[in-house]
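Please keep the viewer open while reading.

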Amino acid sequence: MLEFANVSKSFWTGTRRKVILERASFRVELGNSLGILAKNGTGKTTIINMMAGIEKPDEGKITRACRISFPLGFMGGVVNRHTGKENCRFIARLYGLDPDYVEAFSRWLCGIAEYFDMPIGTYSQGMRARFTFSLMLALDFDIYLIDEGMPQTTDVEFNRKAGGILRERLENTTVVIVSHQPHILERFARSAAVLRDGQLHMFDTLEEAKQLYDYQA
């Protein structure tokens, strides 16, 4: 279970305070994937980062009573001066998993050959995206977080392998996905919400959420 209780978040832009959430309360139960519709620039990535614990709320409480992934495609969380192998083994220990398995899985999936044994700081952006994506899929989570703004890779073979694993994984787990395009949510979401003017409006179905979202467009 993932729960927001009276959570508020805002940023100072230099000229005004931009409100992302204002006293928002909602819960994501395991087995009930949630899609959040929001226009670009309204705070989709900030909400996902708060769910993952990367960003903290200004007020309120976020309860994480299960294993929650870092956002799919998140480029942080690894140490640039350490190799791919060293990062894999360290993060595996943090999650209480077998370092040998996490290393072997990531090495196989990301397919970056000898660069796996080189410092992360030497990777191209595409190689780093493949590595972090592979590392996330090597770990076992109850809730997977997906931000539509996640980095993309141009490697066809990697996309084929990783895409197949991700589709299989998401069939048996819970997903929270944020997007400004309703059709992206259709594959994953059982319930849906619309982020509008700092308020998160919750709905039982995506169709209901789309009615409000289309009305405000």
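Why does a radius of gyration of 18 Å agree with a compact globule for this chain? With 217 residues, such a globule would have a radius near 17 Å, so the value of the chain agrees with it. The radius is taken over C-alpha atoms, and the globule rule is 2.2 Å times the number of residues to the power 0.38.

This is a predicted model, in which local features need pLDDT of at least 70 and side-chain atom pairs count only at pLDDT 80 or more, while totals for chains, interfaces and linings use all residues. Residues are numbered from 1 along each chain as its sequence is written, and side-chain values use heavy atoms, with hydrogens and water left out.

Along the principal axes, the C-alpha atoms fill a box of roughly 50 × 35 × 30 Å. The chain holds seven helices and eight strands; these are DSSP runs numbered from the N terminus, helices being H or I with at least four residues and strands E with at least two. Among contacts with a separation of 6 or more, 68% link residues 24 or more positions apart, a contact being heavy atoms within 4.5 Å.

Of the 217 residues, 47% count as buried. Buried means under 20% relative accessible area, exposed over 50%, and partly exposed in between (1.4 Å probe, protein chains only). The chain exposes about 11,000 Å², with carbon and sulfur atoms supplying 49% of that area; the areas come from the Shrake-Rupley method with a 1.4 Å probe, and for residues only the protein chains shown count as cover.

Helix H1 (residues 44-52) is largely enclosed by the rest of the structure, because seven of its nine residues are buried. Among them are Lys44, Asn49 and Met51. Just after H1, Gly53 has a positive phi of about 90°.

Positive phi also occurs away from glycine. Arg23, in strand S2 (residues 17-28), has a phi of about 50° and counts as exposed at 53% relative accessibility. Ala113, in the loop between helix H3 (99-110) and helix H4 (125-138), has a phi near 55° and counts as exposed at 53% relative accessibility.

Towards the end of the numbering given here, strands S7 (residues 191-196) and S8 (residues 199-203) run antiparallel and are joined by five bridges; pairing requires at least two DSSP bridges. Leu195 has Leu200 of S8 as its bridge partner. The two strands form a hairpin with two residues between them, and Asp197 in the turn has a positive phi of about 55°.
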